There are 2 protein chains.
Amino acid sequence: MNMLKKNDAIFERAKLVIPGGIYGHQSVKQLPKGYPQYFAKADGAYTWDVDGNRYVDYMCGFGTNLLGYRNPEVESAALAQLMLGDTVSGPSELMVTLAEQFVSMITHADWAMFCKNGSDATSIALVAARAYRNKKKILLATGAYHGAAPWNTPVLKGVTPEDRANIIYFEYNNVESLTEAFKAAEGDIAGLYATPFRHEVFEDAYFPSEDYAKAARRLCDEHDALLIVDEVRTGLRLSRDCVWSAMGVQPDLSTWGKAIGNGHCISAVLGSDKVRQAAEEIFVTGSYWYSSVPMAAALATLKQVQSSQYLEHTIAVAQHLRDGIAKQALAYDFELKQTGPAVMPQMLFANDPDVKTGGAWTVAMLKHGAYLHPYHNMFLSAAHTFADIELTLQASEAAFIEISKLR
Amino acid sequence: MNMLKKNDAIFERAKLVIPGGIYGHQSVKQLPKGYPQYFAKADGAYTWDVDGNRYVDYMCGFGTNLLGYRNPEVESAALAQLMLGDTVSGPSELMVTLAEQFVSMITHADWAMFCKNGSDATSIALVAARAYRNKKKILLATGAYHGAAPWNTPVLKGVTPEDRANIIYFEYNNVESLTEAFKAAEGDIAGLYATPFRHEVFEDAYFPSEDYAKAARRLCDEHDALLIVDEVRTGLRLSRDCVWSAMGVQPDLSTWGKAIGNGHCISAVLGSDKVRQAAEEIFVTGSYWYSSVPMAAALATLKQVQSSQYLEHTIAVAQHLRDGIAKQALAYDFELKQTGPAVMPQMLFANDPDVKTGGAWTVAMLKHGAYLHPYHNMFLSAAHTFADIELTLQASEAAFIEISKLR
């Protein structure tokens, strides 16, 4: 196991001044021993923990790193704006330029609103959808994560039944279940949330059928409800447009975050003209929603998305990793399921419900300088090179050898 | 009126790609003509709009500017961290150091959690208060602003009755009304939100009585409910501790934002040991909640709060402004009510319900290089100098002369 002496000492201090020492999705408390909690620096595809261990990082800040940590174009745009001002008594022109740029790139979008958390974006969409026809019910796929606000957080502690009184659940990728949910709402449907593909923790990832995506669009149209596609986790990593565009399905609202500022704090809601008036009538705001530095970073990110081969490169290196690991799993006789798109891989061992094998495998890789996750989907960035993948494949092979001994 | 040619051209573009052109609290659509919407830069106590007009800024980014825009210590700490990394796959040691620093400064606090929006902080407090004893009802003063989430946003469009089913309203600073609200909740009270002083738009600001603050504490104790003091707008600008500490009243939870990162995107919940377990049991998170740059900025801000005379200086210059304007109002025979603390002044003309006089006065000041608000509380920063106040008093005198002609 890597030396984590400084890490562990910081965590002891943390337990005194932060409930449980850490909260939320970046907690490593549920991960096996060996995962560092604190990082000292990041560059390109690499992170260094506080004890100086270096990793090829396959979590990419849980998806916020799209082009590489500290991408030069993004950082120089952010820095230039920081010299002028960040949070002022009004936005800068960048707010408008960024909206123009984003809207020009996403087929369904006629307008944009900017916020901070992914949950801000999904919650704005919720309020806007209800404002659209003054209807109340929201359709969610059971177990789908759309943020940590009371209407969707996966833990019910502190949440009241009233927070979810207007939520109707259905089974993802099941047209019959979706149709039933529309019926159950008795004409009071504001909107339906869709995830481009299914990517929950501890589960194999999968894409829905085209039938399902088209049924979602058709049912929304029949009920004059809004189709909201949540691209917070997927956005710009699978496509330069909404992911479902490839299936010919356009949402009315889409929600974005994580990758759009390449690590700078910004999220967004995009909408079509149909929802413009509703979006204008609601009141949503935040202290830093007009800050210019993250807008400069997002603009520089979107420009690279548009002009570079970042997507093709990320897909190619991700496929190389997937192929290499598949070959090794076969060679060492492990049934490892690699699901979801290669750029957002989920890797789960078969017959490993407590993730014991998966955990042992990823912990072994940490020692060899690769940071993978045993049960959460991972992320690749445009900064990952074929050389980084080779280094990772050395780590994964060593890890397969190590866990072979445990059988 | 100032030339706002570039500003107006940008706003025309904005109307195409942003619903209504602008949303939220930084919209100038409800302000009289003459207010710029877009700013090009900021430094110290000054902002420049996109047409090059310079203003002594009394909105201070709606309270996010505490020590001056681009404060050197804050910016150099932020920059140094930016060179290492911002949003990574885990927090840096700064998360713990910042929690230690903040907790050491605030009397009631034993722990801290960090988030992004003020609404994040008030919403975490809501969920934690409900988790504390598994109770549901939340007591809010009628009309008090605690953020733009559905349970509190001032506009009801898109909000459902269920979003507020567990909210009980009472009259601020009225012990009887508060007592009745506790009774109405029939033992199901999770928490009571308190604002250090009353600071709503279009209203004179005022401090509550000590009796009221103590009654709030006592009633919470009697019902084993939590007292939540919302310091998002007031925090660090009136005091180096919770504002009600001066009256001997300590909350169980306090919520912070705006000033704590001097413009960098961070907010916080502080809590006492009593609430630690509940805070640990809830699930709240956000994509950028572990970002290190705003934590570096907040740490540098808190250190200056602790070591400098920023507070005494801000109070002194603010009082100088208040005295000077009071003298001018008297001289030009206007009844101008300056309410709230001088560092967060509200300025409303008597018998001016549509803010016609107030709007004309502040618009006249814009021309003379001072940016004041006609109906929202304002903010002074530690970067405001006596020379800036003198310049502002020249502007306000010119404005009094101008509006005298309108009578």
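What is the strand order of the open sheet of four strands in chain A, and what kind of pairing does it have? The order is 1-2-3-13, and the pairing is mixed. This is a predicted model, in which local features need pLDDT of at least 70, side-chain atom pairs count only at pLDDT 80 or more, and totals for chains, interfaces and linings use all residues. Residues are numbered from 1 along each chain as its sequence is written, chains are lettered from A and ligands numbered from 1 in the order in which they are written, and side-chain values use heavy atoms, with hydrogens and water left out.

Some terms come before the tour. Helices (H or I, at least four residues) and strands (E, at least two) are DSSP runs, numbered from the N terminus. Two strands pair if DSSP finds at least two bridges between them. Strands of a sheet pair through backbone hydrogen bonds, either parallel or antiparallel.

Stay with the sheet in chain A. Its edge strands are strand 1 (39-43) and strand 13 (370-371), each pairing on one side only. Strand 1 of chain A runs antiparallel to strand 2 (residues 46-49) of chain A, and four bridges join them. Here A:Phe39 stands opposite A:Asp49 in strand 2 of chain A. Helix 12 (residues 386-404) of chain A packs on this sheet. That helix touches strand 2, strand 3 (54-57) and strand 13 of chain A. Contact means heavy atoms within 4.5 Å. The direction of helix 12 makes about 110° with that of strand 3 of chain A. Such angles run from 0 to 180 degrees between N-to-C directions, and axes are lines fitted to C-alpha atoms, for helices over the stretch in contact.

Now turn to chain B. Strand 2 (residues 46-49) and strand 3 (residues 54-57) of chain B pair in the antiparallel sense over three bridges. The bridge partner of B:Thr47 is B:Tyr55, in strand 3 of chain B. Four residues lie between the strands of this hairpin, and in it B:Gly52 takes a positive phi near 90°. Strand 3 of chain B also pairs with strand 13 (residues 370-371) of chain B, in the parallel sense, over two bridges. There B:Asp57 stands opposite B:Tyr371.

Chain B also holds an open sheet of seven strands. Its order is 4-10-9-8-7-5-6, with mixed pairing. Strand 4 (111-115) and strand 6 (167-170) of chain B stand at the edges. Each has a single partner strand, so one side of each is left without a neighbour in the sheet. The twist averages 20° from one strand to the next. Within this sheet, strand 7 (residues 189-194) and strand 8 (residues 226-230) of chain B pair in the parallel sense over four bridges. B:Leu192 has B:Leu227 as its bridge partner in strand 8 of chain B.

Next come two helix pairs in chain B. Helix 10 (residues 310-331) and helix 12 (residues 386-404) of chain B pack at an angle of about 20°, with their axes 10 Å apart. They are therefore roughly parallel to each other, a label for angles under 35 degrees. Helix 10 passes helix 12 of chain B in a right-handed crossing. Among the residues that make the contact are B:His320 and B:Leu321 of helix 10 and B:Leu393 and B:Phe400 of helix 12.

Helix 4 (residues 94-105) and helix 9 (residues 292-307) of chain B pack at an angle of about 30°, with their axes 9 Å apart. These two are likewise roughly parallel, but their crossing is left-handed. A crossing is left-handed if the near helix is turned anticlockwise from the far one by less than a right angle, and right-handed if clockwise. Residues that meet here include B:Leu98 and B:Phe102 of helix 4 and B:Leu299 and B:Leu302 of helix 9.

What of the cysteines? The structure holds zero disulfides over all chains. A disulfide is counted as a pair of cysteine sulfur atoms within 2.5 Å. For A:Cys265, the nearest cysteine sulfur is that of B:Cys265, 3.7 Å away. A:Cys265 is buried, with a relative accessible area of 8%. Buried means under 20% relative accessible area, exposed over 50%, partly exposed in between (1.4 Å probe, protein chains only). For B:Cys220, the nearest cysteine sulfur, that of B:Cys242, is 14 Å away. B:Cys220 is also buried, at 0% relative accessibility.

Finish at A:Arg217, in helix 7 (residues 210-222) of chain A. This arginine is buried, with a relative accessible area of 14%. Its contacts include A:Leu227, A:Asp252 and A:Lys274, not counting residues up to four places away in sequence.

Terms used
Angles under 35 degrees count as roughly parallel, over 145 as roughly antiparallel, 65 to 115 as roughly perpendicular and the rest as oblique.
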